[in-house]
Amino acid sequence: MQLYNNLSAKERAELIEKAGKERLTISFYKYAKIGNPEIFRNHMFLAWDPLDVLGRIYVANEGINAQLSVPADNFEAFKNHLDTISFLENVRLNIAIEHDNFAFLKLKVKVRHKIVADGLNDDSFDVTNKGIHVDAEQFNELIEDPATVLVDMRNHYESEIGHFKNAITPDVDTFRESLDLIEEDLKEHKEDKKLVMYCTGGIRCEKASAYYKHKGFKNVYQLEGGIIHYARQVESKGLNNKFIGKNFVFDQRRSERISEDVIANCHQCGKPADLHTNCANEACHLLFIQCDECKTKMDNCCSTNCQDIIKLPYEEQKALRKGQGNSNDIFKKGRADHLPFKKDLRNIFETLKPQ
């Protein structure tokens, strides 16, 4: 009984290309009590592997968080399987605006302590006492209200390439960092402002809204389905699009365009650019914004040092990496002194503080 992916990314890419079938990129989440995440994880893998589902799925006692792709002609079978699970029946599926058959190349279903690393003690507050969910039309009305504070719950490298107009975009590396920062900076406005939040697909706001209500915020709202669902509603209902730039996504696509605006800059030369790349030096792997010209000039590297390293024989590169480990320290997101045009996002909470 196969419970884990046994093909390399290269082998899977070859199979996808040979099949020639359109694949749909999908994300969904659900907070629910799962008694035995390991058994549930195995069940999902056994059901999805025959359907050629690929992706990154986290399962925990608190629920499931999934980003995946599935062949279009297997979508109904995939949806039917979800509907056989009580807490996933009719779960909202966020279908990507832009699809890429190679968005995911492996099926990874992992058991985690939490489905989002929020650093919170869930026993200290009621996680079910969430904020008010609003659709795209209601969201557009809310963010035009002078009494509204609009907060981006994503990280700096996500909001740098795209965000809603007039949104506060905290300069943070992780979701857990933003929670206390926002609570502290808005503590004077817990009753007189409407706290409206958004994120990629809604999962971060789901937990954050309950946390902020616990912290005393009286009027808490969250964008239903996040940026992904918003973009689809804007298109289907002919609404005014308030999002500028691109939406960062956590797969091989790295982003999908929501508006034609390019609001970021190449971290190396400063020219307008909004495409992230990972440094080709595997010992670095820095995620940063790089324009096409610098990509060619620098061989997909973030520095001349990394450029020199990738020209070495593979065995020499491996020797240089020895002892570094494969920790998160080498998978940084646009934070490096040698990137002269890395934009520091201003913390605009100051505009809300009493003068």
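Two strands pair if DSSP finds at least two bridges between them. In this predicted model, β2 and β5 run parallel and are joined by 5 bridges. They belong to an open sheet of 5 strands with mixed pairing.

- β4 (94–95) and β5 are the edge strands, and each pairs on one side only.
- Helix α7 (residues 203–214) packs on this sheet and touches β1 and β3. The direction of α7 makes about 15 degrees with that of β1.
- β1 and β3 run antiparallel, joined by 9 bridges. Tyrosine 31 stands opposite glycine 63 in β3.
- β2 and β3 are also antiparallel, with 7 bridges. A hairpin of 2 residues connects β2 to β3.

**Strand β3**

- β3 is mostly covered, with 9 of its 9 residues buried.
- In a regular strand, side chains alternate between the two faces of the sheet.
- Gly63, Asn65, Gln67, Ser69 and Pro71 point one way from β3. Ile64, Ala66, Leu68 and Val70 point the other way. Both sets are buried.

**Nonpolar cores**

- Nonpolar side chains tend to be buried together in soluble globular proteins.
- The largest nonpolar core here has 33 residues. Phe28, Trp48, Ile64 and Leu88 have the most contacts inside it.
- Helices α1 (9–19), α2 (37–48) and α3 (75–83) each give two or more residues to this core. So do strands β1 (23–31), β2 (54–60), β3 (63–71) and β5 (107–111).
- Another core, of 25 residues, lies apart from the largest one. Among its members are Val149, Phe175, Leu179 and Cys205.
- Leucine 88 is in contact with Phe28, Lys30, Phe40, Met44, Ile64, Leu82 and Asp83, leaving aside neighbours within four places in sequence.

**Aromatic pairs**

- The whole structure holds 15 aromatic pairs.
- Tyrosine 29 and tyrosine 31 have ring centres 6.4 Å apart and planes at 70 degrees, so the pair is edge-to-face. The cut-off for that class is over 60 degrees.
- Tyrosine 29 counts as buried because its relative accessibility is 12%, under the 20% limit.
- Tyrosine 31 has 23% relative accessibility, so it counts as partly exposed.
- Phe139, Phe164, Tyr198, Tyr230 and Phe243 form one aromatic cluster.

**Glutamate 183**

- This residue lies in helix α6 (residues 175–185).
- Glutamate 183 counts as buried because its relative accessibility is 14%.
- Glutamate 183 touches Lys190, Tyr212, Lys215 and Phe217, not counting residues up to four places away in sequence.

**Threonine 128**

- Threonine 128 sits in the loop between β5 and β6 (132–134).
- Its relative accessible area is 58%, so threonine 128 is exposed. Exposed here means over 50%.
- The side chains of threonine 128 and aspartate 126 are joined by a polar contact of 2.6 Å.
- Threonine 128 and arginine 257 are 129 residues apart in sequence. In space they are 33 Å apart, C-alpha to C-alpha.

Technical notes. Residues numbered from 1 in each chain as written. Predicted model: local features only at pLDDT ≥ 70, side-chain atom pairs only at ≥ 80, totals over all residues. Heavy atoms only, no water. Core = buried A, V, L, I, M, F, W, Y, C linked by side-chain atoms within 4.5 Å. Buried < 20%, exposed > 50% of the residue type's maximum accessible area, 1.4 Å probe, protein only. Helix = DSSP H or I, 4+ residues; strand = E, 2+ residues; numbered from the N terminus. Contact = heavy atoms within 4.5 Å. Axes fitted to C-alpha atoms, helices over the stretch in contact; angles between N-to-C directions. Polar contact = N/O pair within 3.5 Å; in protein donor to acceptor, adjacent residues only side chain to side chain. Phe/Tyr/Trp six-rings, centres within 6.5 Å; stacked < 30°, edge-to-face > 60°.
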